[in-house]
Amino acid sequence: MTVSPAPGTAPAALPVLTLYDTLRRRKTPLEVLHPGHVGIYVCGMTVYDFCHLGHARVMVTFDMVVRYLRNCGYRVIYVRNITDIDDKIIRRALERGESTQSLTGRFIDAMHEDEAALLCQRPDLEPRATAHVGTMQTLIGALIAKGHAYPAVNGDVYYAVRSFPGYGRLSGKSIDDLAAGARVDVDEDKRDPLDFALWKAAKPGEPSWTSPWGEGRPGWHIECSAMSADALGCAFDIHGGGADLQFPHHENEIAQSQGAGCAFAHYWMHNGFVRINDEKMSKSLNNFFTVRELLPYYPGEVLRFFILTSHYRSPLNYAEEALEQAKAGLTRLYTALRGMPKPRIVPELGAEWRARFHAAMRDDFHTPTAIAVLFDIAREINRLRDEGSEVAAPLATVLRELASVLGLLQQNAEDFLRGDEKDAAWIDERIVARTAARQARDFAGADRIRLELTAAGVILEDGPGGTTWRRE
């Protein structure tokens, strides 16, 4: 069922935002279909395994986009689908001797856990492919009626790629070049090697649905054309996803939806690839990391910060050194907030920083520049604190306010800096012993305790109010 824009009057003057539209190949002002409202559909996960760092980038990127649009005053309907029927899912379920429903249910739960760890807000709608098979069949029927698709003798239904004149426009690929590179040993049931499956005839032991073309299940590409139409209608503002989906998945979505008579997405946004030590992340190369493999070593907020320090369209290079730098950077920001009393609100304070931050975000969501503004504010807080200025606390509010737009710096600073509290009592006890040693002028003993804590990954910070500590 299509979700209509929320009722109510949009703000009188919404800010001008520009975004890079993959289809137009340029940055362009955001002009929404319904004043004050944005409908955004993002291709989500195929739930047969745990989320890896590439999935995390999609989650964090579009969570950031939605947060910022809402901060600007837009009413946003954010849709991210779940593919819960697919060749990979069926194979994995057979390998593990369980039903596809059991397999996908477990990995959907795991995906939501990872999403929460990354401080991402849930999408407004999270349609599952298996709940929209009826719409898929209706869409396939319309494509057959319009001459864009055909049933084959094997029970499959294929999209006739050459029937759609605009095919290849999103990815910049020509049909002739694609045909020249197509495999020779193509499926004999296809009319053309470029054609792709909309409906797949049932195989023994596979999940299937009754259809006008016999028992079977949907192809992958038709899912998103159907789910986006059910959720947002035949025309909506932004379609997003990873760069790896640009071809063939998103190209095929356009052919399906527009071939059936839908205007489809007005803008296309794609986040860049994730690289591992400057090599493309790939399961075939066995060089990928799941989110839950990284969380024991780096808190979810550190992973989120790491992802946002690169512009969403740029390649993101994973390396341990880069994550350590992200951890150190986030620690510097939280350190600026440490011990800040409840501030006296000064509305005019921070106007310059706010202007710089929002100018960066309105320029195609340029988070690296926006984060640089946060560091400038943190340096000013530290300077004012050292001078004993009362303005430091209100400025800390500005830092939290702007960081919240990115989903950052919302923890208690002390909680972030101290991390896991399992050995906090022992650390506090050793700090008391060190203080006693210093008061007794046993400086060698005090140094031994500091070295003991340093070896345990604890950094001591002595100040006028006493000694505080944080994790490395």
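Trainee: Which residues does Arg92 touch, not counting residues up to four places away in sequence?

Mentor: Arg92 touches Tyr48, Asp49 and Leu103, where contact means heavy atoms within 4.5 Å. This is a predicted model, in which local features need pLDDT of at least 70, side-chain atom pairs count only at pLDDT 80 or more, and totals for chains, interfaces and linings use all residues. Residues are numbered from 1 along each chain as its sequence is written, and side-chain values use heavy atoms, with hydrogens and water left out.

Trainee: Why does Arg92 count as buried?

Mentor: Buried means under 20% relative accessible area, exposed over 50%, and partly exposed in between (1.4 Å probe, protein chains only). Arg92 has 18% relative accessibility, and therefore counts as buried.

Trainee: What makes the pair of Arg92 and Asp49 a polar contact?

Mentor: The definition asks for a pair of N or O atoms within 3.5 Å; within protein, one must be able to donate a hydrogen and the other to accept it, and residues adjacent in sequence count only if both atoms are side-chain atoms. The side chains of Arg92 and Asp49 make such a contact at 3.5 Å.

Trainee: Is Ala403 buried or exposed?

Mentor: Ala403 has a relative accessible area of 0%, so this residue is buried. Among the residues that Ala403 touches is Leu374. Ala403 and Leu374 are 29 residues apart in sequence and 7.1 Å apart in space, C-alpha to C-alpha.
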